[in-house]
Amino acid sequence: MKIVFMGTPDFAAHVLKRLLDTDYEIGYVITQQDKARDRGKKIQYTPVKEVAVAHDLPVLQPERIRGDEETLKALAAYEPDFIVVVAYGQILPKTLLDLPRLGCINVHASLLPKLRGASPIQHAILTGEKATGVTIMQMAEGLDTGDMLSKAELEIGAMNGAQLHDALAELGAELLVKTLPDLGSGKIIPEPQDDSLSSYAGLIRKADGKIDFSKTPEEIERLIRGFDPWPGAFCEHNGKVLKLWAAKPLGTVSQAPNGTVVNVSKEGISISCGGRILLVTEIQVPGKKRVRVEEYLKGNTLQIGTLLG
């Protein structure tokens, strides 16, 4: 079987690594263009390109896949059986969807039709889902609307965004290598999605991490957990950004205004929100590493009655 792989971030790189352990032939890897990253603005490969280069795979990086005739011509000449797409980052044109003999296959990090869109991992935590998973689907022109080929589920528990990302990447990689042979042999009957059950997980922006202390402790705890490591949940303290990295809701009722620090101890910072208390146990101030509140208090003070916002 001949495969073209399309993907960009770490999640996709994990799946590509797993494919490289199989007997499939990967003729091309297509990824987004290299960008300047970090403070030094040094040009860096995408995570998928790093894996491809390390394994001497041909890499194509069109600025826009739609209308790039040179890329489409190269892929058509290769005559792939599958195109595997994992978080590539661009909408594919119909000419590309129709090109492979057995179709374009997408690895999506949710139990479709729930959480279509760009950020299903974070939104699974934000919306309080008890479980999530991975869906392998046949791609269509709509956004994550294609027929489903296989699914695998896992419990979210207390995982944060980074932990859930890694767990789903591993789950998706294994599910893909189990699904492709059955799809190639005709054993799988594609299942249409029920659009009436769909939900959307839109693109996350840095500003989305700002904490609204009028929300319940449970909602804020999920925001903190879901936005770890990026963009991070934050509030303001003395005109500076204070990031909150770990917290747990307490059952205690509070009459204090939302965002008020009602207690400070080595166990954490108790904040009034939504009429109850959130105990914050890990924080980060500008220019410093994230630390447990117990460590922070060894060199800093935070007064009871302080209003965060």
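These are my notebook entries on a predicted model.

**Ground rules**

I number residues from 1 along each chain as its sequence is written. For this predicted model I take local features only at pLDDT of at least 70 and side-chain atom pairs only at pLDDT 80 or more, while totals for chains, interfaces and linings use all residues; side-chain values use heavy atoms, without hydrogens and water.

**Entry 1: overall**

I looked up the secondary structure and found eight helices and 17 strands. Both are DSSP runs numbered from the N terminus: helices are H or I with at least four residues, strands are E with at least two. The C-alpha atoms fill a box of roughly 70 × 45 × 30 Å along the principal axes. I then checked burial: 47% of the 309 residues are buried. Buried means under 20% relative accessible area, exposed over 50%, and partly exposed in between (1.4 Å probe, protein chains only).

**Entry 2: the seven-stranded sheet**

I traced an open, mixed sheet of seven strands in the order β5-β2-β1-β6-β7-β9-β10. Strands count as paired if DSSP finds at least two bridges between them. β5 (59-60) and β10 are the edges; each has a single partner strand, so one side of each lacks a neighbour in the sheet. Inside the order, β7 (residues 104-108) runs antiparallel to β9 over four bridges. There, H108 stands opposite T135 of β9. Helix α6 packs on this sheet and touches β1 (2-7), β6 (82-86), β7, β9 and β10. Contact here means heavy atoms within 4.5 Å. The direction of α6 makes about 35° with that of β9. For that angle, axes are lines fitted to C-alpha atoms, for helices over the stretch in contact, and angles run from 0 to 180 degrees between N-to-C directions.

I checked β15 (residues 268-273) next. Six of its six residues are buried, so the strand is largely enclosed by the rest of the structure. β14 (residues 261-265) pairs with β15 in the antiparallel sense over four bridges. V261 faces I271 of β15 in that pairing. A hairpin of two residues joins β14 to β15. β15 also pairs antiparallel with β16 (residues 276-284), over five bridges. Here I269 has V280 as its bridge partner in β16. The β15 and β16 hairpin has two residues between the strands, and G274 takes a positive phi near 60°.

**Entry 3: salt bridges**

My search of the whole structure gave 11 salt bridges. The criterion is a side-chain nitrogen of Lys or Arg within 4 Å of a carboxyl oxygen of Asp or Glu. R101 bridges to D81, with the closest N and O atoms 2.8 Å apart. R101 sits in the loop between α4 (94-97) and β7, and D81 in the loop between α3 (69-78) and β6, 20 residues apart. R101 is exposed at 56%, whereas D81 is buried at 12%.

D228 and R290 also meet, at 2.9 Å from N to O. D228 lies in the loop between α7 (217-226) and β12 (233-237) and R290 in the loop between β16 and β17 (291-292), so the pair ties together parts 62 residues apart in sequence. D228 is buried at 5%, and R290 is partly exposed at 34%. I noted a salt-bridge network that links D228, E282 and R290.

**Entry 4: one glycine**

G186 lies in the loop between α6 (161-184) and β11 (200-201). This glycine counts as exposed, at 55% relative accessibility. G186 and L102 are 84 residues apart in sequence, yet 9.9 Å apart in space from C-alpha to C-alpha.
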